[in-house]
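I opened this entry to look up ring contacts and strand pairing. My notes follow the structure.

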Amino acid sequence: LLILDEPTNHLDIPAKQMLEEALQNFQGSVVVISHDRYFISKVATTIVAIEDKKLVKYSGDYKLYMDKSTHVKEKVEARYVKGVDRIRAAPIV
């Protein structure tokens, strides 16, 4: 059992790719806590999310999780849209 907390935080691209490949070929179980959605989509086969104070299990990768969990997808998209507005409103120097 591997437990990884934000394993990609200080890795460059080649190191991330090596870690992705190592985890894809790892025969045991892996618990990953990460904000790196691309990394999660590359290595996860099951997503366990905390929703309304309960653990909810989704079989599949991050994309399937987002497709099945409309509540989470709406929250993520709302943050994205708000972020884009702030970027567009930034002064040009």
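For the helix labels below, I take a helix as a DSSP run (H or I) of at least four residues, with helices numbered from the N terminus. The model is predicted.

Aromatic pairs. I looked up how many aromatic pairs there are, and the count is 2. In one of them, the ring centres of Tyr58 and Tyr65 lie 4.9 Å apart with the planes at 70 degrees, so I logged that pair as edge-to-face; the cut-off for this class is over 60 degrees. I then took Tyr62 and Tyr65: their ring centres are 5.8 Å apart and their planes stand at 50 degrees, so this pair goes down as tilted.

Where do Tyr62 and Tyr65 lie? I found both in helix H3, residues 62-68, at a spacing of 3 residues, which is about one turn of the helix. I noted that Tyr58, Tyr62 and Tyr65 form one aromatic cluster.

Burial. Tyr65 has 9%, so I counted Tyr65 as buried. Tyr58 has 11% and is buried as well. Tyr62 has 15%, so Tyr62 is also buried.

Strands. I next checked strand E1 (residues 2-5) against strand E2 (residues 30-33), and they pair in the parallel sense over 4 bridges. Which residue of E2 is the bridge partner of Ile3? I found Val31.

How values were computed: Residues are numbered from 1 along each chain as its sequence is written. This is a predicted model: local features need pLDDT of at least 70, side-chain atom pairs count only at pLDDT 80 or more; totals for chains, interfaces and linings use all residues. Side-chain values use heavy atoms; hydrogens and water are left out. Rings of Phe, Tyr and Trp (its six-membered ring) pair if their centres lie within 6.5 Å; planes under 30 degrees apart count as stacked, over 60 as edge-to-face and the rest as tilted. Buried means under 20% relative accessible area, exposed over 50%, partly exposed in between (1.4 Å probe, protein chains only). Helices (H or I, at least four residues) and strands (E, at least two) are DSSP runs, numbered from the N terminus. Two strands pair if DSSP finds at least two bridges between them.
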